[in-house]
Structure formats: structure tokens, C-alpha cells
Amino acid sequence: MSTHPHRIAPRLEVRDLSVIRGERLVLDAVSFNVDDGEAILLTGPNGAGKSTLLRTVAGLRRPDGGDILWHDDETGESDTTAPRVAYLGHQDALKPGLTLAENLHLTARLNGTSLEAALEAVDLLALAELPARLLSAGQKRRGAIARILLTDARLWLLDEPSLGLDADAVERFGTVLARHRAAGGMMIVTTHVPLPMPETRKLVLPAQHRELFS
Ligand SMILES: Nc1ncnc2c1ncn2[C@@H]1O[C@H](COP(=O)(O)OP(=O)(O)OP(=O)(O)O)[C@@H](O)[C@H]1O
């Protein structure tokens, strides 16, 4: 239930979301809500459909059934996802020949956000001028997290965000997540390892998928 005085519906409402991949029903009428400042931990075994769910909510693929609805205080209900979400997939998507700063510059400019603050948040300021190809796996992942910060999006969709991060970087990442939530931001996060995310709601996807054809 929303905590906003003028809004009865939750900020994001995912209703009976179904997705078919190949000939299998990977997501079978999945429903959940996310409100301002909330975090959802999306878990389930390999192949359960976690990445599929994130990519669908991100608008990167169409659902085969159900609705993804945003409820705004001023404009009411809408199914337009694009400007509100930032998606971090398994790929870090940094161009190897460009420096870290060059890789992130456009996102910062488009959104009017501070490149320096984002790099500082993931402890990468000192490496800003290094070509991305020279960064370690964990440093690249931190660069990808910096890009999420730079989008200024309301909802973060993070697919195994801590892959390759060392203990210090995981702790720092926990601070980044907490700050986003404190500012009213929302997140849906998949992970196979524990993350420093207190007061998180859990959404567990089951292993079994229905075969549509036999
Ligand atoms: N292009 C595709 N065509 C057919 N089936 C696919 C395709 N891509 C993914 N799948 C299937 O969809 C199911 C869900 O995959 P998804 O990557 O969403 O799972 P996941 O829960 O994120 O898994 P993991 O924990 O391994 O990351 C899997 O059974 C996978 O084999």
C-alpha cells in the first residue's frame, strides 16, 4: 500500500506478468508491487526467469501477458517504462578503447548528473582516465554501477550486481543502494550471494516451467 497521501496504488504494479521463451512459459502470471524507497530481492534457482523478469520490466522485451503499470501523483496510470528505469545486466557494457570517464560521460551529460560523484561513490575516481580494457573485472563492474547512478532513474533493475566485487566494494555498494532508497528510489535485485540490503522484500521464482507444447 502506498505511503503517499494522494496515491492509493503502489508506484509500480506488475500484474500477472507472463513470458514465453522458446516453447516454455518461463514467467507464469507473476504479480508484485514496488513502492517508493522499496527494495525487492529476486531469487530462485538457475533458469527460474530472474533475468527475464528484469529485462521485461526494463522494457527490453515484451510480456506475453499481463501489465507493467506506473502510478504517478500528477499524471495517473501509465505503462511507459523507459525514462524511469536503469538496467544492469550481466555485461558491463564499457567500450574497451575509451577511458572510464569517456565511457560514462554521455550518460552524465544526458541526465545532468555528476560523473565525479558517481565515480567517487564506487571508489573509481583515481582510475577515471584509464582505458576500460585495463580495468579488472571488479573495477568494470563498479564502472557499470556508476553508470546506473548517473541515469538518475527511479527504479534500478540489477542482475547479479555484485559479480566480481571484493568485500570492501560490496560494502560500499550497500551504501550506494541505501542512499538510493533513502531518496525514495526503488530497486529489484537478483543475486545468488548475500548482499548488504536490509529490510528487503523477497520474491522467489519457482524452478518449474510449464511446457506449452508436447
Ligand atoms: N532465447 C531464449 N530462447 C529460449 N529459452 C530461453 C532463451 N533465453 C533464456 N531462455 C530460457 O529461459 C529460462 C529463464 O532464463 P533466465 O536467464 O531468465 O533465468 P535466471 O533465473 O536469470 O537464471 P540464472 O540464475 O542462471 O541467471 C531458462 O530456462 C532459459 O533456458
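Modeller: Two strands pair if DSSP finds at least two bridges between them; helices (H or I, at least four residues) and strands (E, at least two) are DSSP runs, numbered from the N terminus. This is a predicted model, in which local features need pLDDT of at least 70, side-chain atom pairs count only at pLDDT 80 or more, and totals for chains, interfaces and linings use all residues. Residues are numbered from 1 along each chain as its sequence is written.

Biologist: How do you know that strand S1 and strand S2 pair?

Modeller: Seven bridges link S1 (residues 12–21) to S2 (residues 24–34) in the antiparallel sense, and pairing requires at least two. Valine 19, for instance, has leucine 27 of S2 as its bridge partner. Two residues lie between the strands of this hairpin, where glycine 22 has a positive phi near 65°.

Biologist: What makes S1 and S4 a pair?

Modeller: S1 and S4 (residues 65–72) run antiparallel and are joined by five bridges. Arginine 15 has aspartate 67 in S4 as its bridge partner.

Biologist: Why is H4 called largely enclosed?

Modeller: A residue is buried if 20 or more other C-beta atoms lie within 10 Å of its own, exposed if 12 or fewer, and partly exposed in between, with C-beta atoms placed from the backbone. Of the 15 residues of H4, 13 are buried, so the rest of the structure largely encloses this helix.
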